[in-house]
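I opened the model today to work through a few local questions. My entries follow in the order I looked things up.

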Amino acid sequence: MSKKVVVLSTSIRPNSNSDILADEFARGAKDSGNEVEKVSLVGKELNFCRGCLACQKTGKCIIQDDAIEIAEKVKNADVVVFATPVYYYAMSGQMKTLIDRMNCLFSADYKFREAYLIASAADTDKPALDGTIKEVEGWVACFPKVKLKDIIYGVGLEASGEAKNKSKLLKQTYNMGKTV
Ligand SMILES: Cc1cc2nc3c(=O)[nH]c(=O)nc-3n(C[C@H](O)[C@H](O)[C@H](O)COP(=O)(O)O)c2cc1C
């Protein structure tokens, strides 16, 4: 059955490694007949959550910027894919800001049931992603109908564009997208 897949690519670095992997995942998911939309944070206006919790009453954030439309796309998707660089052994600040700004989803009749994480890090060992995974698990735990299905460990990626040379990783990411 065809699924609606939203890929949230949160690095704003040109030729970003996590974005390259996000594209591979999206390509795989498209090739197996899913409806895929990639949303990059490049050029987006994304302000910090103010913690007012108005969204829990109205279902909508009071801040008029690009987070509103992104949250709506996520709400109506079947699958959410987070792509992030690892910053200080955690998710990127921009991804955390986006997650906080999608707080309207917490009290919403959300459709998504599956989440994936794609993370890139300079460190060559998988535990470099532990903090980021824990953070995403924290988000997933707040949505009881959702499961973190799988993770792409994009380790050993430092300079921009390096992911393009990692054929095994690219293939693994494409295949993960394909089995969404
Ligand atoms: C502010 C900052 C913090 C970083 N912190 C880490 C880190 O804690 N561990 C690590 O392995 N790499 C760290 N890196 C390296 C990036 O995770 C790595 O270059 C990654 O491939 C960037 O992904 P991107 O190209 O998608 O932005 C950091 C990079 C920046 C800019």
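**Entry 1: Ser92.** I began with what Ser92 touches: Thr10, Thr84, Pro85 and Tyr87, not counting residues up to four places away in sequence. Contact here means heavy atoms within 4.5 Å. I note for the record that this is a predicted model, where local features need pLDDT of at least 70, side-chain atom pairs count only at pLDDT 80 or more, and totals for chains, interfaces and linings use all residues. Residues are numbered from 1 along each chain as its sequence is written, and side-chain values use heavy atoms, with hydrogens and water left out.

I placed Ser92 in the loop between S3 and H4. Helices (H or I, at least four residues) and strands (E, at least two) are DSSP runs, numbered from the N terminus. Is Ser92 buried or exposed? Ser92 is buried, at a relative accessible area of 0%. The scale is under 20% for buried, over 50% for exposed and partly exposed in between, with a 1.4 Å probe and protein chains only. I also found a polar contact of 3.3 Å between the side chains of Ser92 and Thr10. Such a contact is a pair of N or O atoms within 3.5 Å; within protein, one must be able to donate a hydrogen and the other to accept it, and residues adjacent in sequence count only if both atoms are side-chain atoms.

**Entry 2: positive phi.** I checked Tyr88, found in the loop between S3 and H4. Its phi is near 50°, a positive value in a residue other than glycine. Tyr88 is exposed, with a relative accessible area of 82%. Leu53 also has a positive phi, near 65°. I located Leu53 in the loop between strand S2 (35–40) and helix H2 (55–58). Leu53 is partly exposed, at 49% relative accessible area.

**Entry 3: Arg101.** I looked at this residue in helix H4. Arg101 is buried, with a relative accessible area of 3%. Leaving out residues up to four places away in sequence, Arg101 touches Leu46, Asn47, Phe48, Cys49, Cys61, Ile63, Asp65 and Ala67.

**Entry 4: the cores.** I count a nonpolar core as a set of buried Ala, Val, Leu, Ile, Met, Phe, Trp, Tyr and Cys residues joined through side-chain atoms within 4.5 Å. The largest has 35 residues, and Leu8, Val74, Phe82, Met102, Phe112 and Leu129 have the most contacts inside it. Two or more residues come from each of strand S1 (4–9), helix H3 (67–75), strand S3 (79–85), helix H4 (93–101), strand S4 (114–120) and helix H5 (130–141). H5 gives the most, with four residues.

I then listed partners of Leu8 beyond four places in sequence: Val39, Ile70, Val74, Val80, Val81, Phe82, Ala83, Leu98 and Met102. A second, separate core has 21 residues, including Leu21, Val81, Tyr116 and Ile152.

**Entry 5: the ligand.** How many residues surround the ligand? I found 16, the closest being Ser11, Ser16, Ser18, Val86 and Leu157. The cut-off is a heavy atom within 4 Å. Ligand oxygen atoms lie 2.8 Å from a polar backbone atom of Tyr89, 2.8 Å from a polar side-chain atom of Ser120 and 2.9 Å from a polar backbone atom of Glu158. The protein covers 79% of the 640 Å² of accessible area that the ligand has on its own.

Note on methods:
Areas by Shrake-Rupley, 256 points an atom, 1.4 Å probe, with all protein chains shown as cover.
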